[in-house]
Amino acid sequence: MASFLQGLPAAASTSVSATSQNNTPMPWLAKWSSKDGPPKDPDGPKPTDKASTDQHSTEPAATGDTSEPKALGLKKAESIQVKVRAVLKKREYGTRYTQNNFITAVRAMNEFCLKPSDLEQLRKIRRRSPHDDTEAFTVFLRSDVEAKALDVWGSMEALARERKLRSEVERQYQENIFRNQKLLKEYKDFWGNTKPRSGKRATFLQGPGKVVMVAICINGLNFFFKLLAWVYTGSASMFSEAIHSLADTCNQALLALGISQSVRNPDAVHPYGFSNMRYIASLISGVGIFMMGAGLSWYHGIMGLLHPQPMESLLWAYCILAGSLVSEGATLLVAINEIRKSAHKQGVSFYEYVMQSRDPSTNVVLLEDAAAVLGVMLAAGCMGLTSLTGNPYYDSLGSLGVGTLLGTVSAFLIYTNTEALLGRSIRAEHVQKLTEFLESDPAVRAIHDVKATDMGLSTVRFKAEVDFDGRVVTRSYLEKQDIDQILHDIQQVKTPEELESFMLKHGENIIDTLGAEVDRLEKELKQRNPEVRHVDLEIL
């Protein structure tokens with residue numbers, strides 16, 4: 001039996017029957033089927049060819065043996081099917097197989113020191129582009145590029161020397177660029193910069209940039225006049241207000257720097273851009289308010305309590321505080337109007353917009369000016385009590401109150417901007433909207449591990465694990481194929497090698513179709529939700 005099975009073809013499923021051609025039962029095979037192994041024959045091995053098998057199977061009928069055990073064995077005789085499956089040999093993939101990897105023209109020229117004319121002679125393959133602005137691009141087989149590099153340079157050692165030489169030239173080139181930029185800056189400083197206005201300047205003519213510039217101008221003037229009033233009167237509260245205005249001016253200058261940096265285009269080192277610079281500037285601003293504003297106000301107030309000094313006439317101080325109240329109030333109204341507009345655009349309330357620090361630059365101006373208005377009122381009240389009672393302790397208490405107010409504002413700014421820099425999720429209803437859009441697509445079975453992060457400046461990064469429906473993806477591929485040609489190719493398949501070639505061809509194309517489905521979903525998600533700038537859909 002073993003030799004008979006070995007003689008069967010490997011690519012087909014073979015049935016071995018327990019009966020002979022004349023339907024005569026084979027008791028020895030029936031006995032084999034009812035036990036764990038084949039019966040042992042003391043006379044020798046069993047017949048291996050078909051004729052011997054037939055002779056053996058008809059032997060009991062010729063002898064006329066009608067004993068009960070044999071009759072029972074004949075009744076229990078059943079057919080046995082032995083299926084031999086055609087299994088492809090497992091292929092060991094080594095480094096040689098990776099020579100089929102693709103490489104772009106830029107990498108081929110950079111890594112193998114080739115020229116465009118060298119690549120023109122190689123096989124060109126069109127592949128689906130990973131970029132949104134192009135549908136397809138040309139790649140080359142890495143094995144072809146390596147062979148061409150050896151043909152051009154002669155050996156891998158020569159190629160390595162050329163790479164080292166070019167890296168040294170690149171380093172010198174970068175040094176020359178830095179030196180030329182420095183010389184160009186000196187030239188512009190000497191002759192004047194005639195370069196047209198850049199887009200950065202336009203950011204300070206509208207929106208948060210406009211609010212910050214207005215605040216810088218007003219707070220700078222307030223600091224100058226408050227400083228004169230403190231020099232004239234010696235009031236601790238007036239000194240705290242002067243320090244308050246100075247801190248506001250410096251912090252808002254820092255905000256202006258953060259705004260100008262945040263509009264820079266992404267580069268290779270910062271692929272997601274510089275939008276977080278506004279949060280970083282606001283965070284530093286909050287720390288500056290705490291150290292410069294609150295710290296100096298507390299220090300001056302404590303020194304006033306320990307060493308009280310008589311004050312001169314406070315008339316000029318009241319006039320300057322009144323002017324400061326008007327100017328700070330005007331800046332506060334500008335910030336409030338800007339936040340209302342932005343909150344209305346994003347569909348959130350004024351309170352939510354401020355608490356979530358949606359626009360850190362405008363938030364800082366709002367809170368600083370609100371603290372300035374309250375600080376002016378507190379300082380004026382304490383100075384009034386000092387004028388009425390002649391007790392300088394009230395003025396020192398006013399300085400401590402202004403310091404406490406600044407400390408509260410700085411703590412809030414530090415907390416909100418730290419939360420934003422850590423990566424904060426967008427609203428749950430917005431996440432649900434994005435998830436429902438993906439799940440409504442026929443090619444998607446389920447969405448898992450959804451992460452939608454607010455990157456600042458109304459920019460969202462969306463990431464999700466997507467379980468695709470393979471049947472829909474395959475059907476999408478088949479809709480673009482010639483079905484008659486595929487049927488013809490299937491009918492031509494006769495060997496396992498031909499089947500493997502057929503499956504590899506269409507399997508690779510189906511994978512490309514799956515990648516195209518991912519690109520389509522990402523593109524539609526960005527079009528329907530403009531705030532979503534970066535989409536990462538991972539195949540589950």
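The lining of the largest pocket draws at least two residues from each of α10 (207–233), α11 (236–262), α13 and β7 (532–539). The top contributor is α13, with five residues. Keep in mind that this is a predicted model: local features need pLDDT of at least 70, side-chain atom pairs count only at pLDDT 80 or more, and totals for chains, interfaces and linings use all residues. Residues are numbered from 1 along each chain as its sequence is written, and side-chain values use heavy atoms, leaving out hydrogens and water.

**The pocket**
- There's about 770 Å³ of space in the largest pocket.
- A pocket is an open set of points on a 1 Å grid over the protein atoms alone, where a 1.4 Å probe fits, with protein on both sides within 12 Å along at least five of seven lines; lining residues have an atom within 4 Å of a point.
- Of the 29 lining residues, Arg-278, Leu-457, Ser-458, Thr-459 and Arg-533 lie nearest the pocket's centre.

**Two helices side by side**
- Helix α13 (residues 315–346) packs against helix α15 (residues 360–389) at an angle of about 155 degrees, and their axes are 8 Å apart.
- Helices here are DSSP runs of H or I with at least four residues, and strands are runs of E with at least two.
- That makes α13 and α15 roughly antiparallel, a label for angles over 145 degrees.

**The sheet**
- Four strands make an open, mixed sheet in the order β4-β5-β6-β7.
- Strands β5 (residues 444–456) and β6 (residues 459–468) pair in the antiparallel sense over nine bridges; pairing takes at least two bridges found by DSSP.
- Val-444 sits opposite Phe-468 in β6.

Note on methods. Axes are lines fitted to C-alpha atoms, for helices over the stretch in contact, and angles run from 0 to 180 degrees between N-to-C directions. Angles under 35 degrees count as roughly parallel, over 145 as roughly antiparallel, 65 to 115 as roughly perpendicular and the rest as oblique. Grid points are joined across faces, edges and corners, and a volume is the space filled by probe spheres set on the points.
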